[in-house]
Amino acid sequence: MAGAVIPLSEAVNGSKLVISSIEVQGVLRRRLLDLGFVVGNAVEVLRRSPLGDPTAFRVSNTTIALRREESELIYGTLIGGGDK
Amino acid sequence: MSQFTVAFAGNPNTGKSTLFNLLTGLRQHTGNWAGKTVITAEGEFTHNNHTYRAVDLPGTYSLYSNSADEEAARDYIIFEEPDVTLVVLDATSLERNLNLALQVLEITGRAVICINLIDEARRLGIDIDLKAISKRLGVPVAVISARGKIGIEALLDQIERVATGAFTAQPLRISYSDEIEQGIAELIPMVEQTVGSRYPARWIALRLLDGDDSLLTSLKAHMGRQNISGTKEVMAHGVTACH
């Protein structure tokens, strides 16, 4: 599984990824960059809310929750964790 | 004896308010931004016979995105023209924190970068190359721990250098892609003609390319009767600037 490029929305809890591309556009893209969702940065999937949306991510030492509509447009390479 | 204004900017949870409280002690009061529901604190401190009015801006990750906090922080730095903008960064998360520092430095060279939580960073094995950072950013940089009261005197000395004009720097000039630079070059004469030389024309041109409506609104409000509708047409260039 490690090495695969998947959208953050499909990464299981506990997995770690390195962001490879961000397809979100406009103001929201700017916002995500400001928060640390930058290509090359590491992200960890912390937990999902009971209904699976939103999901909490750990990025640049901070926990940030994203909805599926955003997280499915951010792609990352799996580097480990959460291999259940 | 003169009085200077120091605006405190920084990401949330960087210890900005800890530093603010440390410097101003009980000599502070909270207020509200005119027309905005953003609560702010103001205080006073002295160093080497200079008095400083400290303004604690809301904690923000950026000066671009449209929240009341970020607009308030941005408007203060642009329109109130503090003598010093102190940017407080979290030493354990410099990558993201430097984002805000760069945004401030694009607006003004009258800034001091304060890298806080240095004790925590050292515990994590993070080593900060103060000289290199200062050189790249072009403004004074101080490394402190507000909680541990480390480096505070040196920080105050740097604030003094910028406040008194002993140190001066031009706003940091970041080079963008040719397309964006061309847009900036086209806009700058119009921006200067409209808003004069008081505000950073290059930075305003960049925001116009970004389609930042809220800055236009603020500019309009601060410039009173002057008409800036001329700049609005240029925005329709279709250039998006995401950097």
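1. Helices here are DSSP runs of H or I with at least four residues, numbered from the N terminus, and lining residues are those with an atom within 4 Å of a point of the pocket. With those terms in place, please keep in mind while reading the points below that this is a predicted model.

2. The largest pocket holds about 680 Å³ of space, and its lining is made up of 30 residues. Nearest to the centre of this pocket lie Ile107(B), Thr108(B), Gly109(B), Pro171(B) and Pro200(B). By residue class, the lining divides into 15 nonpolar, seven polar and eight charged residues.

3. As for where the lining comes from, four helices of chain B, namely α2 (68–80), α3 (94–107), α7 (178–195) and α8 (201–210), each supply at least two of its residues, and α8(B) gives the most, with four residues. The largest pocket lies between domain 1 (2–163) and domain 2 (178–240) of chain B, because both domains give residues to its lining.

4. Turning to chain A, six strands form an open sheet in the order β1-β6-β2-β3-β4-β5, and their pairing is antiparallel. At the edges of this sheet are β1 (5–7) and β5 (62–66) of chain A, each of which pairs on one side only, while the twist from one strand to the next averages 45°.

5. Within that sheet, strand β2 (residues 16–22) of chain A and strand β6 (residues 74–80) of chain A are joined in the antiparallel sense over six bridges. For a reader who wishes to locate this pairing in the structure, Ile22(A) has Ile74(A) in β6(A) as its bridge partner.

Key:
Residues numbered from 1 in each chain as written. Chains lettered and ligands numbered in written order. Predicted model: local features only at pLDDT ≥ 70, side-chain atom pairs only at ≥ 80, totals over all residues. Heavy atoms only, no water. 1 Å grid on protein atoms, 1.4 Å probe; cavity = no way out; pocket = protein on both sides within 12 Å on 5 of 7 lines; lining within 4 Å. Points joined across faces, edges and corners; volume = space filled by probe spheres on them. Nonpolar A, V, L, I, M, F, W, Y, C, P; charged D, E, K, R; others polar. Domains from an automatic or database assignment. Pairing = 2+ DSSP bridges. Axes fitted to C-alpha atoms, helices over the stretch in contact; angles between N-to-C directions.
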